Structures are given as structure tokens and as C-alpha cells.
Amino acid sequence: MKRSILPPMPGVVLSDTVVARPFLKWAGGKGQLIPAIEAALPVILHNGDNITYVEPFIGSGAVLFRLLQQYPSIQKAVINDINPDLVEAYRAIKEQPAKLIESLGVLQEAYYRLKTTEEKRDFFLARRTEFNNRSADHHTALLIFLNRTCYNGLYRVNSRNQFNVPFGTYAKPKICDAANIMAVSRLLQRVTILNGDYSETVRRLPGKVFCYLDPPYKPISKTASFNSYSKDRFDDAEQRRLREFCDGLTARNICWLMSNSDPRNHNPEDNFFDDLYAGDALHIGRVAARRNINSNASKRGDIAELLISNYTRGLK
């Protein structure tokens, strides 16, 4: 495959040895679950060729970046998310990485010049207002800046689609990671980027396809909420619609793997997903994951997450 040639940037390493990694912190990001996901990948990714990888809920892209760099059988990919700010960020990195790096450099330099926490908080709040106006030509740079300087690295919006995460007191966060942006941009040259409902991602896809689904998680307690990534809620009815989507994938002989929360962490008798994905052709595995987004540090720790698939490899 012909490699896209991107312009050199002063001080930026463009070597193929730079490992692309998520450019955003993202609640529910799959970086720490990747070993379990890799162990559960279907045989076609190991023994096949010319595979199209599809990820309908892209989030931070941790799994995408890992698979594109480690599995040569994947020749192209299709990613999607309903969050327009996130999709715009992927497109900006793919199409205009140098412009984004320049904007991030300006923000980083301005932020580092500030001396007091109050000055930094005021600067953050001004950039948050600018971001929520959604009229700046450096919108993705603002998104990355807010992500690096907000509390706990969260992305959260209210019902009016306004980013509302408060300021985080980080001494000197890395706002402009130019080498990683260029590495991500290289990978994205063979990725089609969509913004819409996940059900549209697999239309008219020929050949061999593998689909990894990481939907907004079902909350595992009455106070938990993991699906404020967009103004639209992903409730139990949406989880059931997703099951119908998965049935459609199976009918087309598409291998799929899904991660989701395990309600049994909170209530051992809550069999929502066990019942929803019951059937001889489907398989549910439970793996250990670490919860890192609770504001109360004492409530962070290892929990079980689900890996559900329409094949058996790697699932126990």
C-alpha cells in the first residue's frame, strides 16, 4: 500500500518507530484492556489477509491504533462516532496535522507562561467557553487542550451539548504531543472516518470484516453514568437495538467482539447482558479491568467487564 507523505515539522520525529497512541484521555478507554481484547481476537486477524476493521464507537481509538500497528492482515478500517467533536478531531489529525500542531503549540506556550492556579483556571474557563461556542477554526486544538487540563481528563457534555468538566490542577500537562499526532495521522490515512449512527458503519462493506464494538457502557450502579459522551443517552433500549445490530452482523458472517460493563459488579443477580446475549452462537467472557474515573479514589479498583462475541477464540 502506498504510504502517505506528510510534511516535516521542526523538532518532530517522523520515524516509523514512533508508536501511535490515543491523543485524548477518554473515560472508558480500552488501553488497559487491550491484552484481554487481543487474546479474544478471531482467527481471521491472525491467519487472514485484506481484512477491513470496523469500530462503530471509536472513542479514544486505543484498540484501533494497536490493531493497525500489530496486525498486517488489516489493510483498511472504518471508524465512527456519534460525537461530532471527536470525529472532527480525527479528521483534523488525518487531514491537517501540521495546522493542529501549530495551534496546540500556541495554547501550550500561553498556558505554560501562567504563574498561578487562578490564572490557569481563568485561561481554562475562557477556552471552555470558546470551545462551546463551536465557531473557532482551531476547535480540535481547544478539545485537546481542555482534555489535557480539565479535571480527571474527562469528556462530558450536558443536554445542550456544552462541555462542562471543571478545571484540573495539573502543574504542566503535555498539551502538544507533536510526534504522536504525526504518528496517528499516518495511521489514519487508511481509515474512513464517519460521524453518525453506528448502524450505518457496515453498509456496503465487501470482503472480510472484523467489527469491534465498544458502546457507551450500561451504568453498573444508580449513581454511575458512563454515557455522557454526547447529548444523546444510550439507555437499555439502545442496548437492545445494539443486540439487533449484532444479529445482523452475524447474519452476514461478520465476526464481532463487544466490550461492556458487567452489572453483576453491583448486583450479582443482574443478568441483563447474560439474558440479552443468550444463545448457543454467542459467547460471554468476564475479564478484570480497573476503574479509574470515579471522583472518589477509594472507589476505584478492579472490576469485571464483559467481552461478548459471535465466535469462541480467547473467551473463557
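The structure holds two cavities of 30 Å³ or more. A cavity here is a set of points, on a 1 Å grid over the protein atoms alone, where a 1.4 Å probe fits but cannot get out, and its lining residues have an atom within 4 Å of a point. Grid points are joined across faces, edges and corners, and a volume is the space filled by probe spheres set on the points.

This is a predicted model, in which local features need pLDDT of at least 70 and side-chain atom pairs count only at pLDDT 80 or more, while totals for chains, interfaces and linings use all residues. Residues are numbered from 1 along each chain as its sequence is written, and side-chain values use heavy atoms, with hydrogens and water left out.

**Stop 1**

Select Lys-30, Ile-58, Ser-60, Gly-61 and Asp-214. Of the 13 residues that line the largest cavity, these are the closest to its centre. The space inside is about 70 Å³. Its lining has five nonpolar, five polar and three charged residues. In this count Ala, Val, Leu, Ile, Met, Phe, Trp, Tyr, Cys and Pro are nonpolar, Asp, Glu, Lys and Arg are charged, and the others, Gly among them, are polar.

Next select Leu-24, Trp-26, Leu-143, Leu-146, Asn-147, Leu-154, Tyr-155 and Phe-163, which line the second largest cavity. About 30 Å³ of space lies there, and the lining has seven nonpolar, one polar and no charged residues.

**Stop 2: the whole chain**

Zoom out. The protein chain has ten helices and seven strands; helices (H or I, at least four residues) and strands (E, at least two) are DSSP runs, numbered from the N terminus. Of its 316 residues, 50% count as buried, where buried means under 20% relative accessible area, exposed over 50%, and partly exposed in between (1.4 Å probe, protein chains only).

**Stop 3: the cores and helix α8**

Select Phe-23, Tyr-53, Leu-64, Leu-67, Tyr-90 and Phe-210. Within the largest nonpolar core, which has 70 residues, these touch the most other members. Helix α8 (residues 178-188) gives the most to this core, with seven residues. A nonpolar core is a set of buried Ala, Val, Leu, Ile, Met, Phe, Trp, Tyr and Cys residues joined through side-chain atoms within 4.5 Å.

Move to Tyr-53. Leaving aside neighbours within four places in sequence, Tyr-53 is in contact (heavy atoms within 4.5 Å) with residues including Val-63, Ile-74, Lys-76 and Tyr-212. A second, separate core of 24 residues includes Tyr-198, Leu-213, Phe-234 and Phe-273.

**Stop 4**

Select Asn-260, in strand β5 (residues 255-261). Is Asn-260 buried or exposed? Asn-260 is buried, because its relative accessible area is 0%. A polar contact of 3.2 Å joins its side chain to that of Gln-239. Such a contact is a pair of N or O atoms within 3.5 Å; within protein, one must be able to donate a hydrogen and the other to accept it, and residues adjacent in sequence count only if both atoms are side-chain atoms.

Finish at Asn-310, in the segment after β7 (301-309). Asn-310 has 16% relative accessibility and therefore counts as buried. Its side chain makes a polar contact with the side chain of Thr-250 (3.1 Å), and a polar atom of that Asn-310 side chain lies 3.0 Å from the backbone nitrogen of Trp-256.

Key. On a 1 Å grid over the protein atoms alone, a cavity is a set of points where a 1.4 Å probe fits but cannot get out, and a pocket is an open set with protein on both sides within 12 Å along at least five of seven lines; lining residues have an atom within 4 Å of a point.
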